[in-house]
Amino acid sequence: MRKRTELYLMRYGITNILRSLPKSIALVCAAMVLTLSICIISQSIVTQTQSLEDVYSEYIIETVITDQFCIEETNLAMNSKYYNIISQNLHGIRDYITDIKIRSSFSSNYTYMFDDKVERELGGSVVGLTYLPDEEEFKHEFNLMPLYDESILLDSRPSCIVPKRMMEDMGWEYYTVRLRYDKQEENEFVEFNIVGTHEGPDNIYCSYESFNDELTKGTVSIYSFRFNLINSKYTGEVAKILKFYFIEPSIVGAIRRELNELKILFRYTFVMPKGNLDDVVKPIESDIRKLKIAEPFLFVLSVATGLVVSFMSTKNRKAEFAVMRSLGTGKAMVFFEAFFEQLLLCLTGMLLGIAVFFAIYRQNAVLVVWKIAVFFVCYMSGTAISVLNVALVNVMKIMKANE
Amino acid sequence: MKYSIKKLYRAPIKTAIFILLIALSASALSISMGMWKYSYDSIKYSKDAFTTIGIVRELEFMEQIYTSSGEPKYDYELLGKVKQAAEDSQYTKHTDRRKYLMGYSPDITSFASDGTRERFYPYPYGIITGVCESIGFTRGSNYAAIFKIDKEDLNILPYFVERKDPNISNEYIYVRGLHLTNDLRFPFEVGEKYIVHVYFSGRDNDLKMYSGRLDYSGRYSEIVKYGEFYNLSEEEKKERPEIDRDRVSRAYEDTVHPFQKLTSSAQALLDSGDKRWNELVNNCRITKHSTEILLTDDMYSMYSFNTGDLYIVNGRAISKDEYEQGAKVCVISWNVAVTNDLRVGDKIKLSVYESDFSVFNRHIPIGDRGSSADYITEDIFAPLGYRGQDFITEAEYEIIGEYRGKGALDRGEFLISHNMIIVPSKSLEGDFNTKPIIAETVRSVDGKSQFVKKERTSIPGSFSVVIENGKTEEFEKEMEALGYGGMFYYFDQNYSEIAGKLDGYMKTASFILFISVLAWVCIVAVFLSIYMIDSRKNLATMLSLGAGRVRAFFSEMSGIVLIVIIASTIGLIAGMELYGDVLDKTIAAGFEGMSAPTELFKAMNISKMQSTKAVWLSAIIQAVVLILIAAIIECTQSGQDVFRLMKGLKKSKNAKKN
């Protein structure tokens, strides 16, 4: 019997919805749009942040180490200890940088030997570097062998690029070469894997770490030092790290007579030109920050609006509930009927809103379920409060009020 | 009206709910409107941060002075016309025709790190007073002498000599010269004291002393005006065995040499009124304490700044207002700042003069210095410095920013030298750089080498056209139509890649506003649909009791208007408070730690004011719109027949009973 009553009341609720169609549509639309606005505002933060990331990625920020007065960026004669910043990943700098280009000065007085055990004097020089030079730098082409890529030169494994002519003279028989720096007291040969050839004169280009640590034992200085940032948003982080070792560019007349973290006098400056990056990005960052701060307020406003809308739409039906009660409908049934109506309208609106949201954002859509749930609970609470307010009051009082 | 007001406070809860609903929706929409306006201003600021420029390579229009330089790409006569065409283009925002002056201040020392002619000319000029300790023939120039500098007497030394290099002695100088005396003798005598006007060319690392060169007038080609090459006869070679070569250079007259033997001190020579040496010393002193002044209407229209090769490292760039007002502000190079211990906020007073220019040729190495490198050559225009001209005016500039370069500064068509300060064009009145510059070169004419003079009407790199962002293709098409296609090079600071992303950002911000408007519309629809049911009932009652339609209309409207006004006011106040709070937090967080307000900070504050205006404007507009919609509905309802109104009510009552 009870079940039949409930089914009847549900049919009545649906009929009621259809009878006052404009109002019902308005309520569904309100629920839909409020749900949509909650979803979109949350999604917008994600989307705008992604837009900002895209703008950051368009900027390539190169950091160059120069002399103290920012005159020269090459021929720096830097202590090779500065390489430790990279090799030891001090302050986690490697997380932020890429395209590391460190080169040593040209260094002569070397002897080399292939597996034929014949010692030969190297006519040219040896250079330690962390990158594959382009043709413009040394005016000849460099080629790596198929098994290797540029990262081999940033490795600790001893590897080198030799003149192609040298390989041709050896009949391409050997793929390792031993080098000895004649200024070393120990007179030891260090073995290097040949990872590439070049078309130039008798210079050998070695991976910097092995050149510095094993071959020359840190006696040859750094000629140039530069790198790019992985992402231009890390300018602050990288600048912070570099200040431990280099003079920051904004200090005028900066002659710092103190030791840096490497226990060397501050003698070099870092230059990190950003162009118009700040002018482009800071307004967007500010805008996203504003959105993040405003988002909770807008969420609360949307939820409160939903609550008030549902409260108001139910409150207006006092007379109807009075009639139902006077005809014998129990309080619980009255509550059930009104609640069911609003539940149907709210759920329809919410589902439509979610459907539109996914239609707009598709696979990028991030639905904040808990916010939708809070909205739903508040909306239904509004109905519940309103109906309970009416349902619990004496029928005669409601009738009297209507009179 | 009284009745409607009474009706409202008879049902206080209902009235309060209506007011709350309208207030909430008004508040939400106002905040959204304010946020959209802020986003719009932010994106606009971001877009305005880009400057798209077109530049012509004037060196493509001129025959360069290097003897092996090729034919220019375009006729020099076209250059003026091309610039005018650019200025007249519909896509041009403005053009920048830069001017070059110099400014003297006894408190400023020009920066020079060596005597490289192209980079630092004319600052390595100096006056030395000293005793000749040795002299002899050399391989490169004709002869060289070593002087011990008399530190007690008059000396004007360039910055890099005064600065003291621990590896180099600044007590001696190695001076090279070209012309012997007319009777083929060394112009200096060992043991004698001289005052010498010398160009400090650099350092001699073997001798561990500074080296210099006797410079007759500042122009290489004019050296031959003062002397000639002379082939020694066999007799002369026997008579003069110390001359170890067949050919020497000798002066026409011994008075042209840029040095003089001193019997007492250099100061005494000057005090005696010697015009020539007073002029030379004065010119040298003033040049040493001069900077170059670049007058511009837009720093970022210059190639170096536009591409980021030069950038502001301290302070800020010159603002648009400052250009327009000709404000006495300047941006100086980091080198000048370091040399003179100048900081942002300091003021520098300059006596401004216009210098003539000389054209040199620069060799630009291709490839690594450590390896054998090839060169390309480029004409460069360097000022000659002070040569006794009148000062134009005195001007005091406030330093607002310091710039530096990714690499070393230099002279060149698209480069800026070390001693440049940048000021707004309008800060100095006058017509400058109108005198043509003569470029002297050697060309083969009828099989003989001859000096040829070429007239240059502008300094290369002094012209840019600022084009509307995103319009370079259209601009180029316009130039092509005029026959100037391919002459311009364009740089847009990556605007073409980033603009799309900024537009996408704005679309999202606009979408939020759209949804907010939609939400407001739906809320208003709900409110009106509920309110109008009651209103219909009241209207029907009033009309059936004999009230006039107009009276009934106004009676109902006064209730709605009151609710809307109260609700909008509450919504506006709440919206302004919330939005103001949001913006304050946003701006505070964004500029945390900044000591001085930047241009961006000021722009954001302006944006804050304008978007706050949008908040209350939108609150007012939505109140007006809501009242209008309600008025239209009420008007329609009050115009209906009473029975129809009643029937509508009865029908709905019947429907409920069923």
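Residues are numbered from 1 along each chain as its sequence is written, and chains are lettered from A in the order in which they are written. In this predicted model, local features need pLDDT of at least 70, side-chain atom pairs count only at pLDDT 80 or more, totals for chains, interfaces and linings use all residues, and side-chain values use heavy atoms, without hydrogens or water.

**View 1. The contact between chain A and chain B.** Chain A brings 77 residues and chain B brings 83 residues. Contact means heavy atoms within 4.5 Å. About 7000 Å² is buried between the chains, with carbon and sulfur atoms giving 70%. Buried area is the accessible area (1.4 Å probe) that two parts lose on being put together, summed over both.

**View 2. Salt bridge between Lys501(B) and Glu58(A)**. The closest N and O atoms are 3.5 Å apart.

**View 3. The side of chain A that touches chain B.** Elements giving two or more residues include helix 1 (2-19), strand 1 (62-67) and helix 8 (277-315) of chain A. Helix 8 of chain A gives the most, with 25 residues. Helices (H or I, at least four residues) and strands (E, at least two) are DSSP runs, numbered from the N terminus.

**View 4. The two domains of chain A**. Domain 1 spans 2-54 + 280-402, and domain 2 spans 61-275. These bounds come from an automatic or database domain assignment. The C-alpha centres of the two domains lie 66 Å apart.

How values were computed: Salt bridge = Lys/Arg side-chain N within 4 Å of Asp/Glu carboxyl O.
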